[in-house]
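Reader: I would like a close look at one part of this protein, and I am new to reading structures. Please take one open space and the helices beside it, and then go on to what else can be described in the same way.

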Amino acid sequence: ILTAFGTIGRAVEAMKLGAVDFLTKPFDPDHLELVIQKALERESLRREVAHLRSDLDARYSTVVADSGKMKAVVMEAKRAAASNAIVLLQGETGTGKELLARSIHRWSPRRDRSFMVVNCAALPENLLENELFGHERGAYTGATHMQEGKVEAADGGTVFLDEIGDMPMVLQSRFLRLLQDKEFQRVGGTQSIRVDVRFVAATNKDLARCVQGGTFRQDLYYRLNMLPIVIPPLR
């Protein structure tokens, strides 16, 4: 919007209606060129994101299930998708736990929000903590700017915790507190951040046996085991 009658009220109204920027006369041609360039870049980015989401949806578009056991799993997953409860997917490697997690997100009321994946087995403890919760500027050497974690980025959406049986005990405590309080602090932060996130967890381990072995918290196991879904082995 370019106008000679600029007021804060008009600017706010224009932005609510979808304006990229609000400029008043007299204007600087160089500034106008920069605004237009940013608008074009934003539109290009929007189209790219839409394209990537479309590709991703196509990749995970259907759960192909022909056996009676898998059809029962799909029906159970669709019922679970309608709630906000934590879903625990259990099954051997390669049985499609992430595929089913993405499907649960797509079948849920949160389908238009973010789906974030965190692999608990792929990262050491400090990097996994940063991946989940983010960090404040100066939290550690090299932290030159604030970075939000996957939990914060997925606000309103779903976080998929793959191989949660490999999450270190210290992080299990922090994650349990997040489940209980719906809030967390970034690494190096003091301010609590509230989030509305639905969690889907997956494991190829027997968590009950891990609890007995002392490698997994019993209270966290009970929290995760609200809606357990066992995926049958491929054989």
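Author: A pocket is an open set of grid points with protein on both sides within 12 Å along at least five of seven lines, and its lining residues have an atom within 4 Å of a point. The model shown here is predicted.

Take the second largest pocket. Its lining is made up of 15 residues. Met 70, Thr 95, Ile 231, Pro 232 and Leu 234 are the ones nearest the centre of this pocket. Two elements each give two or more residues to the lining, namely helix H3 (68-81) and helix H4 (97-107). The volume of the second largest pocket is about 220 Å³. Sorted by class, its lining holds 10 nonpolar, 3 polar and 2 charged residues.

The axes of H3 and H4 come within 8 Å and cross at roughly 45 degrees. Angles under 35 degrees count as roughly parallel, and 65 to 115 as roughly perpendicular. H3 and H4 are therefore oblique to each other. Their crossing is right-handed. On the H3 side, the contact is made by Val 73, Val 74, Ala 77, Lys 78 and Ala 81, and on the H4 side by Leu 100, Ile 104 and Trp 107. This contact of H3 with H4 has 7 nonpolar residues, no polar ones and 1 charged.

A second pair of helices can be read in the same way. Helix H5 (residues 125-133) and helix H7 (residues 169-181) have axes that come within 10 Å and cross at roughly 15 degrees. H5 and H7 are therefore roughly parallel to each other. H5 passes H7 in a right-handed crossing. From H5, the residues Glu 125, Leu 128, Glu 129 and Phe 133 meet Val 170, Leu 171, Arg 174, Phe 175 and Leu 178 of H7. By class, the contact of H5 with H7 has 6 nonpolar, no polar and 3 charged residues.

Leu 178, one of the H7 residues in that contact, also lines the largest cavity, together with Lys 182, Val 195, Asp 196, Val 197 and Phe 199. A search of the whole structure finds 1 cavity of 30 Å³ or more. The space in the largest cavity is about 40 Å³. Its lining divides into 4 nonpolar, no polar and 2 charged residues.

Methods:
Residues are numbered from 1 along each chain as its sequence is written. This is a predicted model: local features need pLDDT of at least 70, side-chain atom pairs count only at pLDDT 80 or more; totals for chains, interfaces and linings use all residues. Side-chain values use heavy atoms; hydrogens and water are left out. On a 1 Å grid over the protein atoms alone, a cavity is a set of points where a 1.4 Å probe fits but cannot get out, and a pocket is an open set with protein on both sides within 12 Å along at least five of seven lines; lining residues have an atom within 4 Å of a point. Grid points are joined across faces, edges and corners, and a volume is the space filled by probe spheres set on the points. Helices (H or I, at least four residues) and strands (E, at least two) are DSSP runs, numbered from the N terminus. Ala, Val, Leu, Ile, Met, Phe, Trp, Tyr, Cys and Pro count as nonpolar, Asp, Glu, Lys and Arg as charged, and the others, Gly among them, as polar. Axes are lines fitted to C-alpha atoms, for helices over the stretch in contact, and angles run from 0 to 180 degrees between N-to-C directions. Angles under 35 degrees count as roughly parallel, over 145 as roughly antiparallel, 65 to 115 as roughly perpendicular and the rest as oblique. A crossing is left-handed if the near helix is turned anticlockwise from the far one by less than a right angle, and right-handed if clockwise. Contact means heavy atoms within 4.5 Å.
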